[in-house]
Amino acid sequence: MAKKSKKQRAGGTPATVALTAAGVEFTVHAYEHDPAHPSYGEEAAEAMGVSPERVFKTLVADVDGALVVAVVPVAGSLDLKSLATAVGGKRAAMADPTLAERTTGYVRGGISPLGQRKRLRTVLDASADAHATICVSAGRRGLEVELSPGDLAKLTEAVSAPIARA
């Protein structure tokens, strides 16, 4: 039996476990989550002292009846029409939050594009390529993981497309 890594023993999330198993270089950033903050992503950027253009939120949408993950900067919003186009669909709408939580295995505000219960088709906003590293949820509120956009795309099998709007 394989020895568990220190991160796994220390209460790693499915996202950090997946990154460790893949041998990907990453940094975990923890901060005290404030339930009263109006935006999970903006809170993360402020707490870490990172530009909101480098902190990405993970959103789950329904595209023509199939759930799709969209990873976009917290500084902007998701363009649903562009997301549908990126995956060859016609119509997109935000997924029911309960369904998104049940399908990914994460709670809203802590949904990570990594280590999901059921792997969903993923689209990473093209703006990620402008940064050496980006931050995404590590699988719970108050925990972010920083990694290269290329590693994130590879691990999630994401396509890159302009799906965010300012």
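Val 69 pairs with Thr 122 of strand 6 as its bridge partner, and that contact is a handy way into this predicted model. Strand 3, residues 66–73, and strand 6, residues 121–125, are joined by four bridges and run parallel. Strand 2 (residues 56–63) also pairs with strand 3, this time antiparallel and through eight bridges. As for burial, seven of the eight residues of strand 3 are buried, so the strand is largely enclosed by the rest of the structure.

On to the packing. The largest nonpolar core counts 25 residues, and Val 60, Leu 124, Val 136, Val 145 and Leu 152 have the most contacts inside it. Helix 2 (14–22), strand 2, strand 3, strand 7 (134–140) and strand 8 (143–147) are the elements that each give two or more residues to this core. Apart from it sits another core, made of 13 residues, including Val 63, Leu 83, Val 123 and Ala 161. Leu 124 is worth a look of its own: leaving aside residues up to four places away in sequence, it touches Phe 56, Val 71, Ile 134, Pro 149, Leu 152, Ala 153, Ala 158, Val 159, Ser 160 and Ala 161.

Then there are the charges. Side chains of opposite charge can pair when their charged atoms come close, and a search of the whole structure turns up two salt bridges. One of them joins Arg 54 to Glu 146, with the closest N and O atoms 2.9 Å apart. Arg 54 lies in the loop between helix 3 (40–48) and strand 2, while Glu 146 belongs to strand 8, so this pair ties together parts that are 92 residues apart in sequence. With a relative accessible area of 22%, Arg 54 is partly exposed; Glu 146, at 18%, is buried, the cut-off for buried being under 20%.

Arg 119 and Glu 157 also meet through their side chains in a salt bridge, 2.9 Å from N to O. Here, too, distant parts of the chain are linked: Arg 119 is in the loop between helix 5 (97–104) and strand 6, Glu 157 is in the loop between helix 6 (149–156) and strand 9 (159–161), and the two are 38 residues apart. Both Arg 119 and Glu 157 are exposed.

Definitions and conventions:
Residues numbered from 1 in each chain as written. Predicted model: local features only at pLDDT ≥ 70, side-chain atom pairs only at ≥ 80, totals over all residues. Heavy atoms only, no water. Buried < 20%, exposed > 50% of the residue type's maximum accessible area, 1.4 Å probe, protein only. Pairing = 2+ DSSP bridges. Core = buried A, V, L, I, M, F, W, Y, C linked by side-chain atoms within 4.5 Å. Contact = heavy atoms within 4.5 Å. Salt bridge = Lys/Arg side-chain N within 4 Å of Asp/Glu carboxyl O.
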